[in-house]
Number of protein chains: 2
Amino acid sequence: MNKYAIVVAGGSGTRMGGHLPKQFMLLKNKPVLYYTLKAFLGSYPDLQIILVLPADFTDMGQEIIDAYFDKERIRITAGGDTRFQSVKNGLMLVEKESIVFVHDGVRCLLSADLIHRCYEAALSTGSAVPTITCKDSVRLLKEDGSDAIDRNRIMLVQTPQTFHSKILLPAFQIDYKDKFTDEATVVEAFGLKVTLVEGEESNIKITKPVDLLMAEKILEERSGI
Amino acid sequence: MNKYAIVVAGGSGTRMGGHLPKQFMLLKNKPVLYYTLKAFLGSYPDLQIILVLPADFTDMGQEIIDAYFDKERIRITAGGDTRFQSVKNGLMLVEKESIVFVHDGVRCLLSADLIHRCYEAALSTGSAVPTITCKDSVRLLKEDGSDAIDRNRIMLVQTPQTFHSKILLPAFQIDYKDKFTDEATVVEAFGLKVTLVEGEESNIKITKPVDLLMAEKILEERSGI
């Protein structure tokens, strides 16, 4: 089965306080994006990456590829104004009959195990959405205050959200809606259910300086320093 | 107004993998609990702490107090089987007409600002529950799958959950229910609404080794190392 990872790195990263989008920030002397690409390339030898970048940063992305990776396995395309449009742009490079991973470029610590787990579930059920449980108490805002919700029913959603192309390609033909915060919501709006798989606590999103520090510590732990 | 902080450190900390409850684990050479107690003592000069510990660990708690703090301002009492019972035990030492903070002992990075914010809100409305927004997409499990929920409506609950004693003392006279995961749910079961205030991203709960690493980095950032 063909395998594509659409790595979406469209954010301008204003929350990091710098001018450089967060996917290019350095983590142990390499760009955040380096670790993301490396994880996918290492997971399956026949996996191809479609890297979706803001138009102004495609050159910077190409430099990372040239410096570290096999050019044959990674293509770059420009993103759109929304995540939905960015993924849609990436999907134009996907051939039919494949498993497609859609992943946040700034979730750079995902493991090969997680990628394999998503692949297997998407192969057998059509979809795989990794989630983790919530360890905090949770409240739901309503018009006149808020309600407690049983935290055991709340799942925090991660990526790679993984789908068979025969589901994802037609789903992305529907009209954009504001509620499309991820691919699962698009597929559901298209009328299908999604399968949840177990995510990873360490599969964090780098959005703030403290996340970069945490990522550094996780990498140090993994390499046994 | 009298001020009491009930610091609940009843957990046995099995998720840390060690035998020592996590509130006693070392963070930059001092127990986690040291930082929690210091934050409260530093926030208001007239605040008193009621430290609720598992019965087997009250001696260890006393050693921390003897080593670092003014004994007059901290009393220790033994916890119960549930968080509800532990808080109830702590409340037995609270005098009437006070503002009571109930805080997780393992949330050791809270700031004086947060404590002040909770105090002011509890003084004017009777309650203050700090919450932060959720940056992940969220799904709610149901019997036959899961539903996406608008993440802007989801609030993650922190502590110190802060109440006027005239609310908290009678609320804790009601019978225990399994859904009591925090003080807000007790107060609501008693028939009152709670006020949400802004929490802090860095007010993390130390429950896993990686949290200890993150706490270390946050402390280093704060001290400008």
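Visitor: Why is F84(B) called buried?
Guide: Buried means under 20% relative accessible area, exposed over 50%, partly exposed in between (1.4 Å probe, protein chains only). F84(B) has a relative accessible area of 5%, so it is buried. A word on the source: this is a predicted model, where local features need pLDDT of at least 70, side-chain atom pairs count only at pLDDT 80 or more, and totals for chains, interfaces and linings use all residues. Residues are numbered from 1 along each chain as written, chains are lettered from A and ligands numbered from 1 in the order written, and side-chain values use heavy atoms, without hydrogens and water.

Visitor: What makes F84(B) and F172(B) a stacked pair?
Guide: Rings of Phe, Tyr and Trp (its six-membered ring) pair if their centres lie within 6.5 Å; planes under 30 degrees apart count as stacked, over 60 as edge-to-face and the rest as tilted. F84(B) and F172(B) are 4.9 Å apart, centre to centre, with 15° between the planes. F84(B) lies in helix α3 (residues 83–91) of chain B and F172(B) in the loop between α5 (165–171) and α6 (183–189), so the pair ties together parts 88 residues apart in sequence. Helices (H or I, at least four residues) and strands (E, at least two) are DSSP runs, numbered from the N terminus. F172(B) is buried, with a relative accessible area of 1%.

Visitor: How many aromatic pairs are there over all chains?
Guide: The count comes to 23. One of them joins F101(A) and Y119(A): the centres are 6.5 Å apart and the planes at 25°, so this pair is stacked. F101(A) lies in strand β6 and Y119(A) in helix α4 of chain A, so parts 18 residues apart in sequence are tied together. F101(A) has a relative accessible area of 0%, so it is buried. Y119(A), at 7%, counts as buried.

Visitor: How do you know that K3(A) sits over the ring of Y44(A)?
Guide: The rule asks for NZ of Lys or CZ of Arg within 6 Å of the ring centre and within 35 degrees of the ring normal. The charged end of K3(A) is 5.0 Å from the centre of the Y44(A) ring, and sits over it. In chain B, K3(B) lies over the face of Y44(B), at 5.0 Å from the ring centre.

Visitor: Which residues of helix α2 of chain A are buried?
Guide: They are G61(A), I64(A) and I65(A). They cover an arc of only 95° around the axis, so they are on the same side of α2(A). The arc is that of the directions from the helix axis to the C-beta atoms. The face turned away carries the exposed residues D59(A), E63(A) and A67(A).

Visitor: Why are the two copies said to be related as by a two-fold rotation axis?
Guide: Chain A can be laid on chain B with an RMSD of 0.0 Å by a turn of 180° and a shift of 0.1 Å along the axis. The copies are thus related as by a two-fold rotation axis. They are superposed by least squares on the C-alpha atoms of residues with pLDDT of at least 70 in both. M214(A) comes closest to the axis of the residues of chain A, at 2.8 Å (C-alpha).

Visitor: How many residues of chain A are in contact with chain B?
Guide: Contact means heavy atoms within 4.5 Å. By that rule, 41 residues of chain A are in contact with 41 residues of chain B.
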